[in-house]
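I opened my notebook to look at one model today. I wanted to know what surrounds its ligand.

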Amino acid sequence: MPNDYDAIVIGSGLGGLTAGALFAHAGHRVLVLEQNDSFGGAATTYHRGAMTIEASLHETAGPRATSDPKGEIFEALDLYQDIELVPVGDFQEVRCPLIGAPLVIPHGIDALRERLTERFPHEAGPIRRFLKRVGSTQSAIQFLMEKHDSLWWLAHSAELPFRLWPVLRDMRSSVSQVLERYFGGNEAIKFALAANLPYYADDPDQMWWLIYAVAQGGFIQGGGNYIKGGSQVLSDKLVDRIREGGGEALSGQTAVEILLGGQGEVSGVRYRPRAGGENVVAHAPVVFANASPHAVENMLPSAERDSFMAPYRGKPLSTSLVSITLGLNRRPSELGLSAYSTMIIPEWMERLSDFKHGAGLFAEMPSGRLPALGVCDYSRIDSGLIDGELFPVSIAGADRLTNWDGLSDADYHSKKNAWLDTVIGRLDEEWPGFAGAVVQSDMATARTMHHFLNTPGGAVYGFAPNVPEQSLLSGPPRTPKTSIKGLWLASSYAGMGGFSGAIGSGGWAAKAALHEFV
Ligand SMILES: Cc1cc2nc3c(=O)[nH]c(=O)nc-3n(C[C@H](O)[C@H](O)[C@H](O)COP(=O)(O)OP(=O)(O)OC[C@H]3O[C@@H](n4cnc5c(N)ncnc54)[C@H](O)[C@@H]3O)c2cc1C
């Protein structure tokens with residue numbers, strides 16, 4: 001069967017678009033199929049009345065941060081010329097009863113050490129040692145990621161244990177374990193250092209320390225950034241790269257079947273136009289699955305499903321998020337919001353481990369307890385989202401699909417509205433006058449994520465970034481490679497979640513596929 005394309009990408013999230021753009025950049029013809037009407041998956045903006053709503057991004061580490069995979073990919077695709085990354089200033093403000101007065105967490109290791117030591121003078125030594133550990137873990141991971149041949153590794157074998165010690169030592173440690181080692185029972189300082197944990201995971205007892213060190217370490221070192229104009233700008237530029245390379249990107253097209261050839265290799269994709277009409281078949285020897293493995297399973301012939309799913313079955317999924325956008329008729333700074341990003345840790349959380357009880361709260365009608373909330377004021381920076389006199393504030397909190405299971409549409413909407421009112425009420429306690437300034441609102445839940453992204457459990461970061469069950473020496477915990485020749489995962493599920501993780505996974509998938517592509 002002649003090929004129509006060199007590669008087909010199922011789904012237009014950042015992982016899929018990155019893989020597609022890199023493949024196109026290498027001179028190959030790519031087709032992107034996206035079930036929704038717009039491209040980008042979670043990296044999307046949309047409009048509600050006069051308000052532009054950012055579907056996901058609060059902040060992402062700068063592409064030039066140590067160990068951040070975006071840098072190499074931005075370089076390769078020449079994205080720096082089209083994407084303006086706006087620094088968000090201080091990393092975040094933490095409002096936590098255990099800490100006392102709001103604590104502004106700056107970026108920069110030295111600045112952070114000074115700020116924390118001012119607030120926790122008795123912990124000066126542990127703070128210094130902890131931040132040093134974050135830095136040395138980052139350097140060790142950076143060192144591991146450098147490209148060298150086997151001769152080089154042999155020549156440097158004597159220094160390897162020393163260089164890699166920070167990784168080796170904590171290869172099986174959770175965030176809670178490492179924080180406990182440095183700060184014992186001082187939960188306040190743990191919240192100061194990990195207040196934004198729900199952006200990565202909902203359980204610090206399970207979350208892998210190395211991911212915290214790389215991701216949080218990247219923010220601590222280089223600060224956070226927003227993409228001017230919204231995450232849609234990045235997704236659209238990646239689509240442009242695919243089209244500039246002679247490829248096509250089609251929205252409103254749901255992939256329903258992955259076709260295999262006589263040797264069990266990928267040969268094409270059957271897809272269904274949302275507008276109706278006949279299913280369409282496109283042939284290609286490479287398929288990048290940006291859709292979750294759970295969605296891909298149903299696209300495969302039944303004989304292939306078990307072996308395809310074997311690496312993924314039973315793997316815990318990442319957290320989902322509730323995402324609320326409020327349009328205010330006044331600048332949030334006039335109401336007292338003083339940071340781009342603020343984390344509100346609720347009174348009932350007395351230990352860092354209490355984060356794990358946050359995601360389940362939306363299962364009930366509101367009764368006083370709220371999860372930790374991340375609040376983002378887009379008008380504090382030149383975000384490109386402000387239009388006229390409506391100022392968007394975005395709020396995120398951990399959620400899971402089971403919280404909204406089995407509800408009729410009417411019950412779902414009334415429960416959602418009750419929670420929306422509760423969250424607005426909580427923000428009004430923090431910043432009096434806030435509720436009165438809200439003139440527009442929009443709320444997405446794990447159910448929205450599940451529906452819109454076709455992701456199991458509403459997971460927004462792929463698999464949970466937990467301590468891996470196997471040692472790193474037996475191979476990386478994730479890979480884009482699948483049991484089917486020519487089929488590659490290109491999404492958070494192949495590596496890590498978040499903007500950096502999904503882009504990095506797409507880059508990894510493209511590299512692996514190009515290596516095999518003849
Ligand atoms: C509210 C929220 C806040 C966030 N905040 C941040 C943040 O501040 N910083 C950060 O780094 N990350 C953040 N993230 C996480 C980040 O957005 C995601 O981890 C990342 O964008 C996921 O990219 P992905 O490539 O894995 O796929 P997704 O974005 O999940 O995209 C998958 C795509 O596949 C499509 N698809 C699925 N099935 C099919 C099919 N059969 N046919 C065709 N198309 C299909 C879907 O429609 C979707 O477009 C946030 C996420 C959310 C939801």
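I began with the shell around the ligand and sorted its residues by class. I found 18 nonpolar, 21 polar and two charged residues there. I keep in mind that this is a predicted model.

Next I looked up how many residues surround the ligand, and the count is 41. I noted the closest ones: Gly11, Gly13, Gly15, Gly41 and Gly498.

Which helices and strands each supply at least two residues of this shell? I listed helix 1 (14-25), helix 15 (446-453) and helix 16 (498-516).

Then I turned to the domains. I wrote down domain 1 (7-82 + 231-315 + 468-516), domain 2 (108-222) and domain 3 (319-453). Why does the ligand lie between domain 1 and domain 3? Both domains give residues to the shell around the ligand, so it lies between them.

I checked this pair further. The C-alpha centres of domain 1 and domain 3 are 29 Å apart. Their contact takes 12 residues from domain 1 and 16 residues from domain 3. On the domain 1 side, strand 4 (residues 51-54) gives the largest share, four residues. I sorted that side too: four nonpolar, five polar and three charged residues.

Last, I picked out Trp348. I found Trp348 in the loop between strand 16 (341-344) and strand 17 (373-377). Is Trp348 buried or partly exposed? It has 13 other C-beta atoms within 10 Å, so I recorded Trp348 as partly exposed. From Trp348 to Phe74 I noted 42 Å between C-alpha atoms, with 274 residues separating them along the chain.

Terms used
Residues numbered from 1 in each chain as written. Predicted model: local features only at pLDDT ≥ 70, side-chain atom pairs only at ≥ 80, totals over all residues. Domains from an automatic or database assignment. Contact = placed C-beta atoms within 7 Å. Nonpolar A, V, L, I, M, F, W, Y, C, P; charged D, E, K, R; others polar. Near = placed C-beta within 6 Å. Buried ≥ 20, exposed ≤ 12 C-beta atoms within 10 Å, placed from the backbone.
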